[in-house]
Amino acid sequence: GNVVPVQENLPAGYVVADVVATDSDAGSNGILTYTMSSKNPEYFDLNSRTGIVTLHQPLDYETLTETTINVTATDGGNPARQTTVNLVVSVLDANDNSPDRKSG
């Protein structure tokens, strides 16, 4: 898949990826609708008209280091034709935790 590095702690609404598909059919057959599947759907939103994937909530490297998003573009034809792009989101660690102090 396509690796997409994303820094942890970015705000909701941050654009993770802009998946662009084209269809040369005329009329409704050429209108594309995007859908998404992921093992961690709670972290991502997809605009079904534009294919833009955004964060639904900030990512946390300590909880999730990598996940896969599958974005499928489907045309309006009958039968409908589709193509899928696999995005591997690699969460980048930020220095956001203080060191633990241990006495001994």
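I started at V71 and, skipping neighbours within four places in sequence, found it in contact with V19, Y34, T35, L46, V53, T83, T84, V85 and L87. I took contact as heavy atoms within 4.5 Å.

Before going on, I noted that this is a predicted model, where local features need pLDDT of at least 70 and side-chain atom pairs pLDDT 80 or more, while totals for chains, interfaces and linings use all residues. Residues are numbered from 1 along each chain as its sequence is written, and side-chain values use heavy atoms, leaving out hydrogens and water.

Next I looked up the core. The largest nonpolar core has 19 residues, and V16, F44, L59, I69, V71, L87 and V89 touch the most other members. My rule for a core: buried Ala, Val, Leu, Ile, Met, Phe, Trp, Tyr and Cys joined through side-chain atoms within 4.5 Å, with buried meaning under 20% relative accessible area (1.4 Å probe, protein chains only). β1 (2-7), β2 (15-18), β5 (52-55), β6 (66-74) and β7 (82-92) each give two or more residues to this core.

Then I went through the elements. I count 7 strands and 0 helices, using DSSP runs (E, at least two residues, for strands; H or I, at least four, for helices).

Last, I checked the whole chain. Buried residues are 31% of the 104. Of the contacts with a separation of 6 or more, 60% come from residues 24 or more positions apart. The C-alpha atoms fill a box of roughly 70 × 20 × 20 Å along the principal axes.

Notes:
Buried < 20%, exposed > 50% of the residue type's maximum accessible area, 1.4 Å probe, protein only.
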